[in-house]
Protein chains: 2
Amino acid sequence: MRPQEMTKQELAAFKAEALKQYEDYKALGLSLNMARGKPGAEQLALSAGLLDCLTAADFAETDKNIFNYGGLDGIKEAKELFAPMLGLSPENVIVFGNSSLNIMYDCISRCYTFGAGKGLTPWKDCGKVKWLCPVPGYDRHFAITELFGFEMINVPVDENGPDMDMIERLVAEDESIKGIWCVPMYANPTGITYSDETVRRMAALKPAAKDFRIFWDNAYCIHHLTDTPDKLLNLYDELAKNGSEDMVYMFASTSKVTFPGSGVAVMGASKANLDFVKSTMTIQTIGHDKLNMLRHVRFFGGKFENVTAHMQKHRAVLEPRFKVVVDTLERELGGTGMGSWHSPNGGYFVSFNGMNGTAKRIVQLCKEAGVTLTGAGATFPYGKDPDDKNIRIAPTFPSVEELQKAMDIFVLAVKLASAEVLGA
Amino acid sequence: MRPQEMTKQELAAFKAEALKQYEDYKALGLSLNMARGKPGAEQLALSAGLLDCLTAADFAETDKNIFNYGGLDGIKEAKELFAPMLGLSPENVIVFGNSSLNIMYDCISRCYTFGAGKGLTPWKDCGKVKWLCPVPGYDRHFAITELFGFEMINVPVDENGPDMDMIERLVAEDESIKGIWCVPMYANPTGITYSDETVRRMAALKPAAKDFRIFWDNAYCIHHLTDTPDKLLNLYDELAKNGSEDMVYMFASTSKVTFPGSGVAVMGASKANLDFVKSTMTIQTIGHDKLNMLRHVRFFGGKFENVTAHMQKHRAVLEPRFKVVVDTLERELGGTGMGSWHSPNGGYFVSFNGMNGTAKRIVQLCKEAGVTLTGAGATFPYGKDPDDKNIRIAPTFPSVEELQKAMDIFVLAVKLASAEVLGA
């Protein structure tokens, strides 16, 4: 029976039962974490071989330029290896350091101070700048645009991606809208992949702001979890058909392929955009860590197909974890009206929507029982979920056993919070 | 005889003789480079062992946090290892990625967009911003302040450092002066080290701008070349005596200690400054490459004394190169009035001052004979040497044999350019 349809007595009994089980878990004094999209120890071990890809014994026969200054946009072999991640040609790629977030921040900062391209007005001089934020989305994206003082506008997301009607209308009528955050594949946190129509409509946007930029964070482009992976249409190709290829910056990294703190991050864009990026980048740095680029090239034998094969090993580690999350939700909450979720074909998250007004309470209850979740509201700009219902579940870091305990507690917290909001 | 005192005929003969030798070298079709402060192959080989400091065999017993996300300000062991480079406590240090230039750029960008500290006006909103530039100085410093549109003011440098009378006067009277570039030890390019008095006066500055910042780029702090190294007074300690420790940002790196493209860079500052840096840095990145920090910690056995011992190996490679430069200058130009220079006790450069109006011509003559030098003017803001006399000689990259040829050509170019400017 759905709690919404229970009598007062039934609801009280339902709550009492959940509370009893919850208190039993609480007594265990657990310390579990489902907060961040961090690879677990088994995943890290998959890349241990990376550490042997450039040794002192290799020094003599390795090009000495690799060890020295220079190479602003990264080594050729790394561009070739990672360009397919973004669906681009190597000449449309710059290889950076260990953090795609840092590239995105620097892109925003560059646009803010110097403009989005040669001769374009810096965003700092454009008065109020507004930004489109598909929600729920990635908190670190929103943190950047908040820091720069942009006014963030929530755009609802469904199984096909963000609401394109709304986006088309807004960008056409408001010149102060300068960009949009997108995680187009296995989105953080919803797990959905933009439909072909969404990508085509994105490519066909006619923004009033000629310096409108799509920040296309393809963080999970090769992070499949099933035999029937999602497919994402190539936005760059679609934009090129419309002569609009300057409208996008693309980002990806090996943070969740090799080592999160010591991977390689890449940016993809049109020649005009890359030339402008390089015009300030050459003042900012002499170049990023080429040794680490070379390590990655060697680890993958220079072949993108080896990168995707490597991702199958990650899948083997992650699939059971996602199964725990989705199975537990289905078993305990399926058909109850206490929540909805999507079983993703890839990525790092399960997005859970509880009843309105329950998310903060669920997170609090979990915390009190030793389970740390991403803060309620974090998936929305300014940390404000208007319905207080969305919670991002990150199942990758804990062991399967820990995760099961954490999810057992999570569903109990959902039941308790739901009962409370229904008046029990 | 000094060319200035020659008769017209003597000068013509002097020029003809130099030209003959110059043409002989030109005919060799050489390709030599004394342009950038790049370590040579022998120096790179000194750090090959770094590549073995973290292998797959070490994976099991290494803290897994090292491989994962996190650690915004760097690993504890790396802070402890490198804090002595800056003469600071580890808690006053943040360890970054591979580029101190990038840290400096980001510091300027942060001050520009968000201010130099909590509650301080962003420099972008301060109207005209002016910046003090000891000259000759480092071209990449000047490029940053030029990009941000600051008005750069030349400050002459002598053997004790920059002209402190001028600096004291300017910063006291002009609130628009927000900072100064300093390479206080074995300065780029002059090779001089700031005297104790200079450091004390720097620490005692009373700038009109309360957000005035000293950018103290201690790039060559351990890069000694003699048994009698220069000593630099600790600016941070002196500032602390005056309660002015927020006035400085300090920078250093292992770019010229281990691998230029794959080293570790550090920033040092007061707690208040670091807290503010971290407040935007936490939006910009999750953290820098901790594996590379750990490699460095292991390579040096966690001890700063091993870093300084390692620098003695660099010295052994570099000392003969600096000797070629200084000996050749002394032998061919000593007492001729055609140039002056300083034999540095460390660092990466010899700064040559020719007769006024000769620097561009010397660089051009060298280029035509196959010797690439740093562009004339590069050591001044906007690339404009008002006297057209300063040339930065970078002796580290070529072999000793190549360097001797390059210097032979250099002194011939000086003689030719001097004769020309004297009317021959």
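Colleague: Before we compare the chains, on which atoms are copies superposed?

Modeller: This is a predicted model, and local features in such a model need pLDDT of at least 70. Copies are superposed by least squares, using residues with pLDDT of at least 70 in both, and the atoms taken from those residues are the C-alpha atoms.

Colleague: What rotation superposes chain B on chain A?

Modeller: The superposition of chain B on chain A leaves an RMSD of 0.0 Å, and the shift along the axis is 0.0 Å. The two copies are therefore related as by a two-fold rotation axis. The rotation that superposes chain B on chain A is 180°.

Colleague: Which helix gives the most to the side of chain B that touches chain A?

Modeller: On that side, 46 residues of chain B are in contact with 45 residues of chain A. At least two residues each are supplied by α2 (41-45), α4 (100-114), α5 (139-147), α9 (271-284) and α10 (290-299) of chain B. With six residues, the element that gives the most is α4(B).

Colleague: How far apart do the C-alpha centres of domain 1 and domain 2 of chain A lie?

Modeller: Chain A is divided into domain 1, which takes in 3-43 + 308-421, and domain 2, which takes in 68-302. Between these domains, 25 residues of domain 1 of chain A are in contact with 28 residues of domain 2 of chain A. The C-alpha centres of the two domains lie apart by 30 Å.

Colleague: Which element gives the most to the side of domain 1 of chain A that touches domain 2 of chain A?

Modeller: Two or more residues each are given to that side by α11 (304-333), β11 (350-354) and β13 (390-393) of chain A. With seven residues, the element that gives the most is α11(A).

Colleague: Which are the edge strands of the open sheet of eight strands in chain B?

Modeller: The order of this open sheet is β2-β9-β8-β7-β6-β3-β4-β5 (chain B), and the pairing is mixed. An edge strand here pairs on one side only, and the edge strands of chain B are β2 (93-95) and β5 (161-162).

Colleague: Which residue in β9(B) does B:V93 stand opposite?

Modeller: Strand β9 (residues 265-268) of chain B pairs with β2(B) over three bridges, in the antiparallel sense. In β9(B), the residue opposite B:V93 is B:G268.

Colleague: Which residues of β7(B) are buried on each side?

Modeller: Strand β7 (residues 213-217) of chain B runs parallel to strand β6 (residues 177-182) of chain B, joined by four bridges. Five of the five residues of β7 in chain B are buried, and both faces are covered. One side has B:R213, B:F215 and B:D217, and the other has B:I214 and B:W216.

Notes: Residues numbered from 1 in each chain as written. Chains lettered and ligands numbered in written order. Predicted model: local features only at pLDDT ≥ 70, side-chain atom pairs only at ≥ 80, totals over all residues. Pairing = 2+ DSSP bridges. Domains from an automatic or database assignment. Contact = placed C-beta atoms within 7 Å. Buried ≥ 20, exposed ≤ 12 C-beta atoms within 10 Å, placed from the backbone.
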